[in-house]
Amino acid sequence: MRAGLARGLGALAAAALLSTASAQQPASSWVGTWGTAAGGPALPAQQHVFDGQTVRLVVHTSIGGARVRIRLSNELGAQPLRIGAAHIALRKHGADTVPGTDRVLTFGGLASATIPPGAPLLSDPVELDVPALADLAVSLYLPGRAEAATVHEWAAQTSYVSGPGDFTGTASLPRSQAIGYWPFLTEVDVEAPGAGAVVALGDSITEASLTARDANHRWTDLLALRLQRAPGDRIGVVNRGVSGNRMLRDPGEQPLFGKALLARFDRDALASAGARYLVVLIGINDIGHPGMGAIPLAETPAPQDLIAGYRQLIARAHAKGLAVYGATLPPFEGTTFAKFYTRDKAAVRDAVNQWIRGSGEFDGVIDFDRALRDPDHPTRLLSKYDSGDHLHPNDAGNQAMADAIPLELFHSAAAPRP
């Protein structure tokens, strides 16, 4: 009995010490200032392959900080990915960087690294004064043949590829070729004590691939601009939208559409540095894709199927202490994508939107449907917000989306219900 009592007291003491040590651990001060969602690997006709070249990837920040790190990804690759060298700098214009801002990135103290199949890679932090709402250039030297198996295909942003050679540290990238996708790079973080991030989860409407190229007119960029101008907490914005994405099912015939949101949620939402709030705008492709291409019409979800998916996202977010806000699905009648719209599919959207608005299960609601619809024909986008395909908002529509978001949602007092 004495021995058992001693073991019990020892366990209690160890638990108390562990609790005290945990309480003394500071909260992470790293916050995502930029991010994207990856798809792939691409079909053979769509593959991007590099051979001993340097890629210079341009990204736009949301929040600033004094130190920076990056996250690379081979999570959808089947072969090891070699990174021969990596640098980060402020972007001047085109493929040129601002003199004096170039920094060497290392990985566990090493200048090169190999990323195993299915894995991400986080760089060591470096000192760099990163402004909010600025362009960064992340340069990666790929010493061998490298297939972009993990890639965000529709970036609405111009990046660059050199001829053969390591030009990661050069201010002006020689013999550069413009590209419109982001291979391998999935996040940039800054050190910003006390700040948090809002992660936007969605499809092409969140990706905003049809907005003006290089203009940073995605609704997430415009939200970041509003947040920078408003008093209160410092909040970064990470865009995890990917064209064609669905919540309930993988992409089928088009791998670049990304894994189902329920499958990629941990990687793209919970693993985002400093994630504090989620905005979920997903479901329109679950409704519209069935009956198109090789996707059978039988995959059209009932409203309760989508609601069950939303409930999973809410539960998994709350389990990690994140607030999650549901966004209503914008109208899509008349879309130029054949077979995407039917009256039966529109009825599913209507039922889902009614549940998002009225269930009380999200921590808050963002009514993108109300912000974008034509008041005289509410099943259609308002013409001044229409990109032309009657599904995707244009630049003005993305501004209307950003303006429709109550900024008080992103405040330290906002917290998920138990």
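How much space lies in the second largest cavity? In this predicted model, the second largest cavity holds about 50 Å³ of space. Two elements, strand S16 (185–191) and helix H4 (261–270), each contribute at least two of the lining residues.

The loop that lies between H4 and strand S19 (275–281) contains alanine 271. Once residues up to four places away in sequence are set aside, alanine 271 touches Arg71, Glu187 and Asp266. Is alanine 271 buried or partly exposed? Its relative accessibility is 35%, so alanine 271 counts as partly exposed.

The lining of the largest cavity divides into 12 polar, six nonpolar and three charged residues.

Attention now turns to the strands. Strand S2 (residues 49–60) has 10 buried residues out of 12, so S2 is largely enclosed by the rest of the structure. Which strand is joined to S2 by 11 bridges? The partner is strand S11 (residues 135–147), and the two run antiparallel. Within this pairing, arginine 56 has serine 139 of S11 as its bridge partner. S2 also pairs with strand S13 (residues 159–164), again in the antiparallel sense, over three bridges. There, proline 164 of S13 stands opposite glutamine 53.

S11 has a further antiparallel pairing, with S5, over six bridges. Here leucine 90 stands opposite leucine 136 of S11. Strand S5 (residues 85–93) is itself mostly covered, with seven of its nine residues buried. S5 is also joined to strand S7 (residues 103–105) by three bridges, and these strands run antiparallel; isoleucine 88 has arginine 103 of S7 as its bridge partner. Strand S6 (residues 96–97) pairs with S5 in the antiparallel sense over two bridges, and in S6 aspartate 96 is the bridge partner of histidine 93. The hairpin of S5 and S6 has two residues between the strands, and glycine 94 takes a positive phi near 55° in this hairpin.

With a relative accessible area of 2%, alanine 137 is buried, because buried means under 20%. Beyond its neighbours within four places in sequence, alanine 137 is in contact with Arg56, Leu57, His87, Ile88, Ala89, Arg91 and Thr97. Valine 59 is 78 residues from alanine 137 in sequence, yet their C-alpha atoms are 6.6 Å apart in space. For alanine 271 and alanine 137, which are 134 residues apart along the chain, the C-alpha separation is 23 Å.

The nonpolar interior comes next. In soluble globular proteins, nonpolar side chains tend to be buried together. In this model, the largest nonpolar core has 57 residues, of which Leu223, Leu278, Tyr310 and Phe410 touch the most other members. Leaving out residues up to four places away in sequence, leucine 223 touches Val198, Val237, Ala402, Ile405, Leu407 and Phe410. Another core, of 45 residues, lies apart from the largest one and includes Val68, Ala148, Trp182 and Val188.

Where is glycine 321 found? Glycine 321 is located in the loop between helix H6 (303–319) and strand S20 (323–327). Its relative accessibility of 47% means that glycine 321 counts as partly exposed. Glycine 321 and arginine 276 are 45 residues apart along the chain, and their C-alpha atoms are separated by 7.7 Å.

Note on methods. Residues numbered from 1 in each chain as written. Predicted model: local features only at pLDDT ≥ 70, side-chain atom pairs only at ≥ 80, totals over all residues. Heavy atoms only, no water. Buried < 20%, exposed > 50% of the residue type's maximum accessible area, 1.4 Å probe, protein only. Helix = DSSP H or I, 4+ residues; strand = E, 2+ residues; numbered from the N terminus. Pairing = 2+ DSSP bridges. Nonpolar A, V, L, I, M, F, W, Y, C, P; charged D, E, K, R; others polar. 1 Å grid on protein atoms, 1.4 Å probe; cavity = no way out; pocket = protein on both sides within 12 Å on 5 of 7 lines; lining within 4 Å. Points joined across faces, edges and corners; volume = space filled by probe spheres on them. Core = buried A, V, L, I, M, F, W, Y, C linked by side-chain atoms within 4.5 Å. Contact = heavy atoms within 4.5 Å.
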